[in-house]
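Here is a quick tour of one model, written for someone who likes to know the cut-offs. Have the viewer open while you read.

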Amino acid sequence: MVEFKKHLNKFQDKPITLIQVGNLLKMWPKNAKIISVDIRDQGNPKFWDDFLLDKNFDVFIDNGDNFMQPQILTFEKVFPKLNVGGVYINNNCHTSYLPN
């Protein structure tokens, strides 16, 4: 959580849009518009294409699926849409290195 705050501090006094997959953590800037994505949608490419069509956002936090393939798909779809100067955080990438 400390690491999250370090990367999000620059947004403290700015109105931002934050998108998060998974459980919403209670530490976002007070001025953030928060959009939550259900973890069940994370591995669906069509979901991302449709969802991101009209979105501009400053922060994206992947706190969802713990498996590599949905994480990669999410990154490939979401990162190009992130605003310049934005932050992309993957909270669960350590699971990609666990033995099967």
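First, the ground rules. This is a predicted model, in which local features need pLDDT of at least 70, side-chain atom pairs count only at pLDDT 80 or more, and totals for chains, interfaces and linings use all residues. Residues are numbered from 1 along each chain as its sequence is written, and side-chain values use heavy atoms, with hydrogens and water left out.

Let's start with Gln42, which sits in the loop between β2 (32-37) and α2 (45-52). Helices here are DSSP runs of H or I with at least four residues, strands are E runs of at least two, and both are numbered from the N terminus. Is Gln42 buried or exposed? Gln42 counts as buried because its relative accessibility is 0%. The scale calls a residue buried under 20% relative accessible area, exposed over 50% and partly exposed in between, using a 1.4 Å probe and protein chains only.

Where does that side chain go? It reaches the backbone nitrogen of Asp65 at 2.7 Å. Not counting residues up to four places away in sequence, Gln42 touches Val21, Trp48, Asp62, Gly64, Asp65, Pro70, Gln71, Leu73 and Thr74; contact means heavy atoms within 4.5 Å.

Asp65 itself belongs to the loop between β3 and α3. With 19% relative accessibility, Asp65 counts as buried too. Setting aside neighbours within four places in sequence, Asp65 is in contact with Ile39, Gln42, Pro70, Gln71 and Asn92.

**The α2/α3 pair**

Now for the helices. α2 packs with helix α3 (residues 68-78) at an angle of about 25°, and the axes are 10 Å apart. The axes are lines fitted to C-alpha atoms, for helices over the stretch in contact, and the angles run from 0 to 180 degrees between N-to-C directions.

Which residues make the contact? From α2 come Pro45, Trp48, Asp49 and Leu52, while α3 supplies Leu73, Thr74, Lys77 and Val78. By type, the residues of this contact divide into 5 nonpolar, 1 polar and 2 charged. Here Ala, Val, Leu, Ile, Met, Phe, Trp, Tyr, Cys and Pro count as nonpolar, Asp, Glu, Lys and Arg as charged, and the others, Gly among them, as polar.

**Lys55**

Lys55 lies in the loop between α2 and β3 (57-63). A polar atom of the Lys55 side chain is 3.2 Å from the backbone oxygen of Phe51. Apart from neighbours within four places in sequence, Lys55 is in contact with Ile35 and Lys81.

**Glu3, Ile16 and some distances**

Glu3 is in helix α1 (residues 2-8) and counts as partly exposed at 46% relative accessibility. Ile16 is placed in strand β1 (residues 16-22) and counts as buried at 5%.

Here are some C-alpha separations to check in your viewer.

| Pair | Residues apart along the chain | C-alpha separation |
|---|---|---|
| Asp65 and Ile39 | 26 residues | 6.3 Å |
| Ile16 and Pro80 | 64 residues | 17 Å |
| Lys55 and Asn23 | 32 residues | 20 Å |
| Glu3 and Leu98 | 95 residues | 22 Å |

How values were computed. Polar contact = N/O pair within 3.5 Å; in protein donor to acceptor, adjacent residues only side chain to side chain.
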